[in-house]
Amino acid sequence: MTAAMSITLDDDLAQALNAAVGGGNRSALVAEAIREYLDRRNIAAAKAWHASLEGDDAAALADFDATW
């Protein structure tokens, strides 16, 4: 699935983005940044969920993690 977004950048951010891409594809750089941000959020959510486990669930996770 493809989605389209329209983002308005303030002047400072627009200049920083232009400098970062150096004439390259601004959309690709923004898409990559969004993917990285979402990945970090997913990892943080999984870490919090794992930390919330107790009892048998925590033991099962510890056993699973031990195999890695």
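1. The largest pocket is lined by Met5, Ile7, Leu9, Leu13, Ala16, Leu17, Arg26, Ser27, Val30, Ala31, Ile34 and Arg35. Two or more of these lining residues come from each of α1 (11-21) and α2 (26-52), and α2 gives the most, with 6 residues. A pocket here is an open set of points on a 1 Å grid, where a 1.4 Å probe fits, with protein on both sides within 12 Å along at least five of seven lines, and lining residues have an atom within 4 Å of a point. Helices are DSSP runs (H or I, at least four residues).

2. This is a predicted model, in which local features need pLDDT of at least 70 and side-chain atom pairs count only at pLDDT 80 or more, while totals for chains, interfaces and linings use all residues. Residues are numbered from 1 along each chain as its sequence is written, and side-chain values use heavy atoms, with hydrogens and water left out.

3. The volume of the largest pocket is about 320 Å³, and its lining comprises 9 nonpolar, 1 polar and 2 charged residues.

4. Methionine 5, in the segment before α1, counts as exposed because its relative accessibility is 62%, where exposed means over 50%.

Conventions
Points joined across faces, edges and corners; volume = space filled by probe spheres on them. Nonpolar A, V, L, I, M, F, W, Y, C, P; charged D, E, K, R; others polar. Buried < 20%, exposed > 50% of the residue type's maximum accessible area, 1.4 Å probe, protein only.
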